[in-house]
Amino acid sequence: MSVDQATVRRIAHLARIAVRDEEVPHLQQELNAMLSFVEELSAVDVTGVEPMTSVIPMSLPLRKDEVTGHAGADVVTRNAPGADDHFFTVPKVVE
Amino acid sequence: MNATAKPSKLIKGATGDWEIVVGMEIHAQITSKSKLFSGASTTFGGEQNSHVSLVDAAMPGMLPVINEECVRQAIRTGLGLKAKINHRSVFDRKNYFYPDLPQGYQISQFKDPIVGEGEVIVDVSATEQIIVGVERLHLEQDAGKSLHDQSPTESFVDLNRSGVALMEIVSRPDIRSAEEARAYVTKLRTILRYLGTCDGNMEEGSLRADVNVSVRRPGGPLGTRCEIKNVNSIRFIGQAVEVEARRQIAILEDGGKINQETRLFDPARGETRAMRSKEEAHDYRYFPDPDLLPLEFDQAYVDALACELPELPDDKRSRFIADYGLPPYDAGVLVMERESADYFEAVANGRDAKMAANWVINELFGRLNKESKTVMTSPVSAQQLGAIVDLISAGTISGKLAKDLFEIVWSEGGDPNSIVEQRGMKQVTDAGAIETAVDEIIAANPDKVEQAKAKPTMLGWFVGQVMKQTGGKANPQAVNDMLKQKLGI
């Protein structure tokens, strides 16, 4: 499996990463190298093998329905690039 | 899925009949104290970002831990929808970017939902019932809320709702009209409220619908659908289906083609319009969330929850028909809300159930609707209404006086028995007293007596006069009988 340059641009866009045109061939090469590395796994026959979801056999831990507290609006918005009156602010997202 | 609508439900176009096909995705907020994967409060209407934990804000290194009550609520709901409960389900990440989604993905269930196929029995009208298939129900996180009107250049984001547990309930495209769409959501809401798994409050956004609408020639292949996002009232759901179907028919009849797209319903303009196209955003790249193991439980866990389920609306309705002899429609009206059904049963207990049902449905519900009150805030208690029904049954007051009595209890309160005593509202059943009144009226109106002999419908006039004479307190049946006898008609 390998990716073409259009796919590289598309993946970058979906991840909201700005990629300059001259970076695309390099990224394509890197991605393809990773894919061919992982590709080796397809040589293993996994017929009838349950997908492994955890390295230790355990079940999903559940918690009780209790309110255990809040970080506080000050704390939550402290590192935000934009905040106003305890709201996060972002460039307008509607037309 | 391929059932064809009755001819009365088809829309007449210029080129022939069209059939509407609707499927719905309902997002129902789970009733719980804390969020699906964090211990932050779910209370509605807090100060902005005050109900946000570091998990909800997607701070680095935070890990989700699932709330067991949300799991139970989803299973209860599945049982209420007579659906298959999946003992193993998986949480996936649905990837997209939006400012109110700090993680950059929503934790949802894609391939393996907690609940599989079920069904909802929907009463469309007094005489029509349909079954709407449920394809699946899965657990997922709600997003935060964006406000766009606080600043000309910025959107403001409040994450209080971020991470609150939702059940997405996906129906099959079994709905064939706006009326059926409304009835389906109404019924689903009733079931959720009975179960106590979602409060069904559409104004606060606890229940929201994405409505998929397409049109086709009756029984023909399915047309291309459009999805109308986030419709937040039952009335708007009906309107959205209607206007969207007509929009599509107009395009098709002009030889056009429907584009599969996401649209918004604008209630003020009564139209749907396309949302900004974000084609790439539809590539959600689901994959199992590595922070969460599969959710597994055994049948005993499900059975224990099944044992505690309350009586559900369909069962209650059947019981009301069988045990109280109520007409199916009346039984349906009474079970719409659990509180109404409880109220009715309190009134009917040990009394004439049909009379109790009539009083609850016609007098009480009528009056409550008029003043925008509910059974919970009714000024007349079930005990008081029961006492009124007792007074009628015992023949102490007439039906007409009972309505006056109801008004008094509604506005002034008090014990109906004492009110009847104090205000002399007792019905006169004493034959002697009635006879005196009848004789007086007959003696005073010899001309009318002559007329009545030729025209027996004049009897009504005499009854009216006698009732007036007795201040409305005479037993109308006794008056009727005595007049017939005296006038010889």
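Guide: What follows is a short talk about the chain contact, some helix pairs and the salt bridges.

Guide: This is a predicted model, in which local features need pLDDT of at least 70 and side-chain atom pairs count only at pLDDT 80 or more, while totals for chains, interfaces and linings use all residues. Residues are numbered from 1 along each chain as its sequence is written, chains are lettered from A and ligands numbered from 1 in the order in which they are written, and side-chain values use heavy atoms, with hydrogens and water left out.

Visitor: How many residues of chain B are in contact with chain A?
Guide: On the chain B side there are 49, and they touch 38 residues of chain A, where contact means heavy atoms within 4.5 Å.

Visitor: And how much area do the two chains bury between them?
Guide: About 3800 Å², with 59% of it on carbon and sulfur atoms; buried area is the accessible area (1.4 Å probe) that two parts lose on being put together, summed over both.

Visitor: How many salt bridges are there across that interface?
Guide: The rule finds one across the interface of chain B and chain A, a salt bridge being a side-chain nitrogen of Lys or Arg within 4 Å of a carboxyl oxygen of Asp or Glu. Arg10(A) and Asp283(B) meet in a salt bridge through their side chains, at 2.6 Å from N to O.

Visitor: What's the count over all chains?
Guide: It comes to 44 salt bridges. Among them is the one between Arg193(B) and Glu337(B), whose closest N and O atoms are 3.0 Å apart. That pair links distant parts of the chain, 144 residues apart, with Arg193(B) in helix α2 (residues 178-195) and Glu337(B) in the loop between α6 (328-335) and α7 (338-348) of chain B.

Visitor: Changing topic, at what angle do α1(B) and α4(B) pack?
Guide: Helix α1 (residues 68-80) and helix α4 (residues 299-307) of chain B pack at about 70°, with their axes 10 Å apart. That makes α1(B) roughly perpendicular to α4(B), a term for angles of 65 to 115 degrees. Helices here are DSSP runs (H or I, at least four residues), numbered from the N terminus, and axes are lines fitted to C-alpha atoms over the stretch in contact, with angles from 0 to 180 degrees between N-to-C directions.

Visitor: Which residues of α1(B) meet α4(B)?
Guide: Glu68(B), Arg72(B), Ile75(B), Arg76(B) and Leu79(B) of α1(B) meet Tyr301(B), Val302(B), Leu305(B) and Ala306(B) of α4(B).

Visitor: What about α8(B) and α10(B), how far apart are their axes?
Guide: The axes of helix α8 (residues 353-370) and helix α10 (residues 399-412) of chain B are 12 Å apart, and the angle is about 40°. The two are therefore oblique to each other, which is the word for angles that are not under 35 degrees (roughly parallel), over 145 (roughly antiparallel) or in the perpendicular range.
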